[in-house]
Amino acid sequence: DLHVDERTLREYVAARRCVLVPREAFIRAAYAPGDQSQFDFSPMSVMLAGALVVVQLFVVRLSYSGRFMARASMRCDQPSLFEGLLAGYAAFGGVTRTSIFDNATTAVRRVLRGRHRDENEAFTAFRGGLALNVAFAAPAKGNEKGGVEGVHGYIEDNFFRPIPAFANLDELNAALVAFCNASLLREHSTHHETIGDRFTREQPTLLPLPAVLPRPCVTRYARVNKFAEACFERNWYSVPTRWAHRDAVIEVYERRLRIVVGADVVAEHRRGFGVGERFLDPRHYVTLLAHKHRAAESALVLSDGRIPDVLRGLFE
């Protein structure tokens, strides 16, 4: 019997695999000005207010010039996607004829045969309002949007290493805008000219943005409970008590939400990203407390320093 050690066998199999299953070859692409853009999310670590958190970095990149814009969000969801698209194309001053995206659930409900996709309604409505034509990359084919993935790597190496620290998300995004603008002075990785020079030629070829831009939000339906609270993603948000036991529409933006009952916007809150949080506004309960004043001593809405200064004297 012939005995072969494991290492020799592995080397033989690896060599045969290269012959029987050769590695995929690619064709280098050339883009005309205004022809294509690519966008995608990627997680990044950053210190915010002294805590290490993972943010979702959204990047949109013009394929001809290499010009890119980046924006950090707490979630990789539709409001963050919509805010990122608006910020990116507003910075470019227009949209490209086609834009490449992956098959994330923020846009696609189901991957169909070939390049066909069953888009979700919110994404279809938003990109229609932005006059943005989107083509989806083939599943597991990251090379089809390799330009934006390369930018993610560049930003990670040059902005997020070592891990930077910021007071809040607004400060982080302001620094990202400055970083993206400074990249205009970089030389394009393929062409011997700066990204800024190529963008100067590309910008006039972009399609103009619509006069009225779509709102970067999604809507959800909720029932206001007996405590005058509406629930979204297992967090609770108060409304004035006169709207208790009513059906409501919640407009969810990237970092805030609005609660609408009928034709009235009855409450606005910052958006919670935890679980079981309660965002209660004491002003929503003043009218009810006037009738149930003894409840003020144990009311959750007035506990833990929630009382505004304008109401503290009345409470005392």
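**Briefing: fold, strands and core of a predicted model**

The protein has a radius of gyration of 26 Å, taken over C-alpha atoms, whereas a compact globule of 316 residues would have one near 20 Å (the globule rule is 2.2 Å times the number of residues to the power 0.38). This is a predicted model, in which local features need pLDDT of at least 70, side-chain atom pairs count only at pLDDT 80 or more, and totals for chains, interfaces and linings use all residues. Residues are numbered from 1 along each chain as its sequence is written, and side-chain values use heavy atoms, leaving out hydrogens and water.

**Overall form**
- The C-alpha trace spans about 85 × 65 × 40 Å along its principal axes.
- Eight helices and 15 strands are present (DSSP runs of H or I with at least four residues, and of E with at least two, numbered from the N terminus).
- Of the 316 residues, 43% count as buried, meaning under 20% relative accessible area with a 1.4 Å probe, protein chains only.

**Strand pairing around β4**
- Strand β4 (residues 98-101) pairs with strand β1 (residues 36-48) in the parallel sense over three bridges; pairing requires at least two bridges found by DSSP.
- Strand β7 (residues 134-136) also runs parallel to β4, joined to it by three bridges.
- S99 in β4 stands opposite S37, and its bridge partner in β7 is V134.

**Nonpolar core**
- The largest nonpolar core has 72 residues (buried Ala, Val, Leu, Ile, Met, Phe, Trp, Tyr and Cys joined through side-chain atoms within 4.5 Å).
- F39, I155, L172 and I259 have the most contacts inside this core.
- Not counting residues up to four places away in sequence, L172 touches V46, L48, V55, A72, F159, F160 and F166, contact meaning heavy atoms within 4.5 Å.

Notes: Buried means under 20% relative accessible area, exposed over 50%, partly exposed in between (1.4 Å probe, protein chains only).
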